[in-house]
Protein chains: 2
Amino acid sequence: MNRKEISASIITIGDELLIGQVIDTNSAWIAQELNKIGIPVKRRVAVGDSFNEIWSALDEESTHADIILITGGLGPTSDDITKPLLCKYFNGKMIINDEALQNVKYLFEQVFKRPLIESNLKQGEVPDVCTVIQNKRGTAPGMWFEKEGKIFISLPGVPHEMKGMITDSVLPKFSSLFSLAPIIHKTLLTAGVGESFLAEQLKEFEAQLPSSIKLAYLPSYGMVRLRLTSSESEKEINNQFDKLQSLVKEYLVTNVDESMAETVAKLLLRQNKTLSTAESCTGGYIAHLITAIPGSSEYYKGGVISYAYEAKENLLGVSPDTLTTFGAVSEETVKEMLTGALRELNTDYSIAVSGIMGPGGGMPEKPVGTVWVAVGDKTAIRTHKFTFRFDRMKNIELTAINALNLLRKFIIDK
Amino acid sequence: MNRKEISASIITIGDELLIGQVIDTNSAWIAQELNKIGIPVKRRVAVGDSFNEIWSALDEESTHADIILITGGLGPTSDDITKPLLCKYFNGKMIINDEALQNVKYLFEQVFKRPLIESNLKQGEVPDVCTVIQNKRGTAPGMWFEKEGKIFISLPGVPHEMKGMITDSVLPKFSSLFSLAPIIHKTLLTAGVGESFLAEQLKEFEAQLPSSIKLAYLPSYGMVRLRLTSSESEKEINNQFDKLQSLVKEYLVTNVDESMAETVAKLLLRQNKTLSTAESCTGGYIAHLITAIPGSSEYYKGGVISYAYEAKENLLGVSPDTLTTFGAVSEETVKEMLTGALRELNTDYSIAVSGIMGPGGGMPEKPVGTVWVAVGDKTAIRTHKFTFRFDRMKNIELTAINALNLLRKFIIDK
């Protein structure tokens, strides 16, 4: 292909990133969007609110990439030093940008309905050497600089503001400036097999891959994601992806890059079936994974979070005898929770879980990490006992993903 | 204080970080842990699985910091090139480390119960110029190198493996090597006031801060977190933090760095009261925020996720008339949901929410982002209508945080 390879580096600014107070989710989103239009991200760098650190990051990243995308450090308060620094770095002077100033005024008067003060008006200022990227969702304007053949773009760190500006202004401008071909990623998910075992099985497949296609292994939650990446031929990557699918078909969960909840959602939609949940130890997390998907009300009718014995009895009709005899974390209890959810919520399928997520609550015969899961419908119930050995949040996540996978298998096997 | 300032840089390796497939949560955790023992993180860099990129990151980061902490790139599959690269970078040769090899064998035979293959055995190899950091939770050993006064540490990217090795080996070694004083962060959360307005009110406070103490503003979810940071005197930062609290007391939510759910949890524990939830649009997310906290079964008895009308009627006793007359997203409905949850789950307090999270489901009179929240107990109910204007997940998060905040105020005002 006859095009210049354009690459990007992302600089995120903020002490909060370096003390671990905030997790950077912006960079992942930006990387995805840039990839879609054919711009690979070579590096991501986070630096603090320090003049010297930001300055040297600009210097260094421009040796690595053609586009330097900077987020953060543009708020109205005095911990934000990025704008004056950029002005100096590009030898400009500060001027009022009328459109940006009007936007600040409009937002305060019409949307926030809060008094406008001095520091807000300063948000309408930009270096005279930049092209302004208007921010429809917030007060800080974006800035586009060019220097020695490199493009530097500064955007606010607030995710929905940054996203709006990238989508509305930055990406269209890149597409008009450069002749780009999208970078194609194809991802599938396997379950029930280890990374090294898969790699052994895929040795020959990997050896025959053209140099333009790369295979990657991404293990998580006891499952392994396989990803093919190509920036060249869509046809070739599709061919190779078909091959890969047939090689791992025994372990294949899904052939698209989606969450386990999305895989289950698609199955339910396709079959026009409904789902309910009865959660003890996962405390609503399974329901959350499902309801985070737009349109989930089409197949998900609701659920019960039965943390206390009382909730299991009152809302799901679990028998007090069962709870006393076998305990809340038992095959018998999750079966009754399942039956109760199917009945009370009147759904085709249901998932029930009960376990001990830690750090407290473990017993010699039921240590932390013990989980009973039941999935099924009015005619059949399948149960499984898991033993996870991680921290509370990880145990919750693992329980949720594995419970959804168990339901997936139940539906497919029917 | 008479100590050498030791700083760190974190390099994370993996194409998945640069295409946005994975969000880096490791770096935030590492930064927190290093801060606790007095090591500031100056930079965080993510690079792909590329020999040249990793090599140049090692070169560059060693000009920025004393400690270079590398995570990722150590799995058994062929996309992992870090170990041979490190071997070359530090002029070593590969040797078998007996303890690491025994660990690999033990994990496969006793824990995973999977066949051990060639590529797994290679995980027992390390460069002869490193000190091995044993990995009790996985097969990839960690490595500690020293070169020209700088320390380079390579750890696997799997979070719970990396965390175990940092806690068990890396931090104790740092503490014994360096004379460190912890970096102290004190954070408080305000609600109901904008960042710029706060900054205006805190101008004098900021001006009188000693140079060793830094104030930062972290806005999110319509609330603003204020953080003081000091690596010097604990007494002085405590004094300043007291001052800060009294200056913002009108807006103060909590004076510790904790989630809104944790603030509510502490209130409930202190008063020995119980909570239930009745969620429609948040689909279990409020319950998840609460049950993610260890020990939450002491005050949280359970909840209902009433996505469908049927669930609202069957499980919470919402009247079909109310639903027909006012709709699911209405003050009347959330009040009945609340009453139902208080009754069915027999708790002191409850939270009920119903809304339209988008992207679909909006109506002219109830656009996407419309949410009704009710909080209360058997004697009083407080309701509030919110209008959020973000994407589905952000609307869910905002609803959850604001509903918890509403309950917090209800409890405090009682």
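Predicted model: local features only at pLDDT ≥ 70, side-chain atom pairs only at ≥ 80, totals over all residues.
1. **Chain A in outline.** Chain A has 414 residues, of which 59% count as buried. Its secondary structure comes to 16 helices and 17 strands, and its C-alpha atoms fill a box of roughly 75 × 60 × 40 Å along the principal axes. If you look at contacts in chain A with a separation of 6 or more, 66% of them are between residues 24 or more positions apart.

2. An open sheet of 12 strands runs in the order β6(A)-β7(A)-β8(A)-β3(A)-β1(A)-β2(A)-β2(B)-β1(B)-β3(B)-β8(B)-β7(B)-β6(B), with mixed pairing. At the edges stand β6 (131-133) of chain A and β6 (131-133) of chain B; each has a single partner strand, so one side of each is left without a neighbour in the sheet. On average, neighbouring strands of this sheet are turned by 20° against each other, direction ignored.

3. **Inside the sheet, and what packs on it.** Strands β1 (residues 8-13) and β2 (residues 41-47) of chain A run parallel and are joined by 6 bridges. Within this region, Ile13(A) stands opposite Val47(A) in β2(A). Helix α7 (residues 159-177) of chain A packs on the sheet, where it touches β3 (67-71), β6, β7 (142-147) and β8 (150-155) of chain A, and its direction makes about 165° with that of β8(A). Helix α3 (residues 51-64) of chain B also packs on the sheet, and its contacts take in both chains: β2 of chain A together with β1 (8-13), β2 (41-47), β3 (67-71) and β8 (150-155) of chain B. The direction of this α3 makes about 175° with that of β2(B).

4. Ser7(A) is found in the segment before β1 of chain A. With 7% relative accessibility, Ser7(A) counts as buried. Leaving out residues up to four places away in sequence, Ser7(A) touches Ile39(A), Pro40(A), Lys42(A), His64(A), Ala65(A), Asp66(A) and Ile67(A).

5. **Aromatic pairs.** The count comes to 22 aromatic pairs over all chains. Take Tyr300(A) and Tyr307(B): their ring centres are 5.6 Å apart and their planes stand at 65°, which is over the 60 degrees required, so the pair is edge-to-face. This pair crosses between chains, from strand β14 (residues 300-306) of chain A to the loop between β14 (300-306) and α13 (309-316) of chain B. Tyr300(A) is buried at 1% relative accessibility, and Tyr307(B) is buried with a relative accessible area of 14%. Within chain B, the rings of Tyr89(B) and Phe90(B) have centres 5.1 Å apart and planes at 75°, so this pair is edge-to-face. Tyr89(B) is buried at 6%, and Phe90(B) counts as buried at 9%. In chain A, ring pairs link Phe51(A), Trp55(A), Tyr89(A), Phe90(A), Phe145(A) and Phe152(A) into a cluster.

6. **Thr291(A) and its contacts.** Where is Thr291(A), and which residues does Thr291(A) touch? Thr291(A) lies in helix α12 (residues 285-291) of chain A and counts as buried, at 0% relative accessibility. Not counting residues up to four places away in sequence, Thr291(A) touches Ser296(A) and Tyr300(A), along with Thr282(B), Gly283(B), Tyr307(B), Arg392(B) and Ile396(B). Both tyrosines of the cross-chain ring pair are among these contacts.

7. **Charges over rings.** Lys394(A) lies over the face of Phe390(A), 5.8 Å from the ring centre. In chain B, Lys394(B) lies over the face of Phe390(B), at 5.8 Å from the ring centre.

8. **A hairpin in chain B.** Strands β16 (residues 370-376) and β17 (residues 381-387) of chain B pair in the antiparallel sense over 7 bridges. The hairpin that joins β16(B) to β17(B) runs through 4 residues.

Notes. Residues numbered from 1 in each chain as written. Chains lettered and ligands numbered in written order. Heavy atoms only, no water. Phe/Tyr/Trp six-rings, centres within 6.5 Å; stacked < 30°, edge-to-face > 60°. Helix = DSSP H or I, 4+ residues; strand = E, 2+ residues; numbered from the N terminus. Buried < 20%, exposed > 50% of the residue type's maximum accessible area, 1.4 Å probe, protein only. Lys NZ or Arg CZ within 6 Å of the ring centre and 35° of its normal. Pairing = 2+ DSSP bridges. Axes fitted to C-alpha atoms, helices over the stretch in contact; angles between N-to-C directions. Contact = heavy atoms within 4.5 Å.
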